[in-house]
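Subject: Structure for you to look at

Dear colleague,

Here is the structure I promised to pass on, and below it I have set out what was found.

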Amino acid sequence: MIKSTIKYSILCGVFLIGLFFISINFGSNPLLDMRHFFFDLGVFFLFIYFSGKEFKDYRNDGYFHFWQGISIGFIVMIPAVLIFSIAFYTVFEANPELLDAYKEGAKAMLVDKKDLYLEKFSVEQYQQQLAAVDEETTVRLLISTFWKKIIAGFLITPVVGIILRKKPK
């Protein structure tokens with residue numbers, strides 16, 4: 001099971017990297033844009049689904065249990081997110097302008113939504129949020145992005161396991 005899913009894991013990691021940096025090149029900041037989370041869900045779905053489908057059809061005689069779907073999902077998801085994280089850290093450390101662009105985008109977003117933010121929170125909390133943006137580091141962004149991708153994978157893995165399951169009669 002592991003050998004057949006590792007290639008999908010590597011491809012998924014490369015695809016996550018490509019999608020992230022293509023989004024940046026098109027002017028969308030994937031660290032701030034919630035739509036990117038839905039793209040991650042779609043990417044994980046495709047790679048986990050095709051990995052499970054290959055295992056079911058070619059290695060398991062057409063049978064597939066839910067636990068196998070969960071296992072395949074984790075085998076695809078975790079290395080893919082680690083591959084993405086290594087590339088993310090490397091590129092952001094080599095290119096400090098990316099971190100600066102994130103900070104500018106985050107500040108602009110806070111300023112644009114100042115009225116909404118002040119309705120729910122106090123002025124002091126708003127000022128603390130603005131100050132926190134200046135203190136952001138590559139490692140903190142990496143950890144945040146890592147967990148968002150892990151959560152996306154955890155949400156999609158059981159769905160694929162349910163879709164592909166087929167028990168022997």
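The secondary structure of the chain comes to 7 helices and 0 strands, where helices (H or I, at least four residues) and strands (E, at least two) are DSSP runs numbered from the N terminus, and along the sequence the pattern reads α-α-α-α-α-α-α. Please bear in mind that this is a predicted model, in which local features need pLDDT of at least 70 and side-chain atom pairs count only at pLDDT 80 or more, while totals for chains, interfaces and linings use all residues. Residues are numbered from 1 along each chain as its sequence is written, and side-chain values use heavy atoms, with hydrogens and water left out.

The C-alpha atoms fill a box of roughly 65 × 35 × 25 Å along the principal axes. Of the 169 residues, 40% count as buried, that is, under 20% relative accessible area with a 1.4 Å probe, protein chains only. Among contacts (heavy atoms within 4.5 Å) with a separation of 6 or more, 81% join residues 24 or more positions apart.

As for helix packing, the axes of α3 (residues 66-94) and α7 (residues 138-164) come within 9 Å and cross at roughly 160°, the axes being lines fitted to C-alpha atoms over the stretch in contact, with angles running from 0 to 180 degrees between N-to-C directions. That makes α3 roughly antiparallel to α7, a term used for angles over 145 degrees. By class, their contact has 19 nonpolar, 8 polar and 2 charged residues, with Asp, Glu, Lys and Arg counted as charged, Ala, Val, Leu, Ile, Met, Phe, Trp, Tyr, Cys and Pro as nonpolar, and the others, including Gly, as polar.

Best regards

Conventions
Angles under 35 degrees count as roughly parallel, over 145 as roughly antiparallel, 65 to 115 as roughly perpendicular and the rest as oblique. Buried means under 20% relative accessible area, exposed over 50%, partly exposed in between (1.4 Å probe, protein chains only).
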